[in-house]
Amino acid sequence: MTQGGGFAGISALYSGFLVSVLGIIPFRGTYFGVNDTLRDFNPYQSERSLRGLMSNFACAQTAAILAGLASYPFDTVRRVMQVHAAAGRPITMSEAYASCDSLWGGHTSNMWRTVLAAVALVIYGELKYAFAESANDGE
């Protein structure tokens with residue numbers, strides 16, 4: 001920690017914070033919007049079988065990949081800003097954007113991380129369904 005933030009101090013931890021906040025908006029919007037839209041068109045969404053779970057997982061995986069695509073350039077700019085700040089040469093958002101050789105360079109490996117995000121969306125959907133069922137049973 002002292003080696004990474006020795007030049008810029010505690011402010012190096014917050015370099016890239018604004019671009020991180022700006023990146024979460026398209027990520028979460030795409031993440032939940034696409035998932036809810038695809039689930040509405042999913043003919044097997046209410047099945048409690050393996051087919052229902054796998055079709056919900058396919059919807060969630062598609063939503064997670066598209067959300068990653070929507071926010072990946074923001075993540076790249078944030079990482080560049082944090083690396084420069086840790087090296088003692090903080091840069092602005094526009095300088096970070098200009099210095100990115102490839103905004104999409106590591107997105108393929110980032111897509112593998114979306115599998116757990118898709119599982120979380122499926123669990124969320126199943127819990128939402130279970131709570132709705134229990135609320136209807138109580139009436």
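Start in helix 5 and select H107, N110, T114, A118, L121, V122 and G125: these residues are buried (under 20% relative accessible area with a 1.4 Å probe, protein chains only; exposed is over 50%, partly exposed in between). They pack against helix 2 (17-41) and helix 3, where contact means heavy atoms within 4.5 Å. Helices here are DSSP runs of H or I, at least four residues, numbered from the N terminus.

This is a predicted model, in which local features need pLDDT of at least 70, side-chain atom pairs count only at pLDDT 80 or more, and totals for chains, interfaces and linings use all residues. Residues are numbered from 1 along each chain as its sequence is written, and side-chain values use heavy atoms, with hydrogens and water left out.

Color by pLDDT, the predictor's confidence in each residue, from 0 to 100. The chain mean is 79, and 78% of residues reach 70 or more. Helix 2 has the highest mean among the elements (88), and helix 1 (residues 2-5) the lowest (47). Where pLDDT is low, the predicted coordinates should not be read in detail.

Show all of helix 5, residues 107-137.

Next, select helix 3, residues 50-86. It bends by about 50° at S71, and P73 follows within four residues. Just after this helix, G88 takes a positive phi of about 90°.

Now pick E126 and R48. They form a salt bridge, with the closest N and O atoms 2.2 Å apart (a side-chain nitrogen of Lys or Arg within 4 Å of a carboxyl oxygen of Asp or Glu). E126 lies in helix 5 and R48 in the loop between helix 2 and helix 3, so the pair ties together parts 78 residues apart in sequence. A salt bridge also joins E47 and R51, at 2.9 Å from N to O.

Finish on the aromatic cluster of F27, Y31, F32 and Y124. Rings of Phe, Tyr and Trp (its six-membered ring) pair if their centres lie within 6.5 Å; planes under 30 degrees apart are stacked, over 60 edge-to-face, the rest tilted. The whole structure holds three aromatic pairs. F27 and Y31 are stacked, 5.4 Å centre to centre with 15° between the planes. Y31 and F32 sit edge-to-face, at 5.1 Å and 70°.

Notes: The bend at a residue is the angle between axes fitted to the seven residues ending there and the seven starting there. Helices (H or I, at least four residues) and strands (E, at least two) are DSSP runs, numbered from the N terminus. The expected span of a helix is 1.5 Å times one less than its number of residues.
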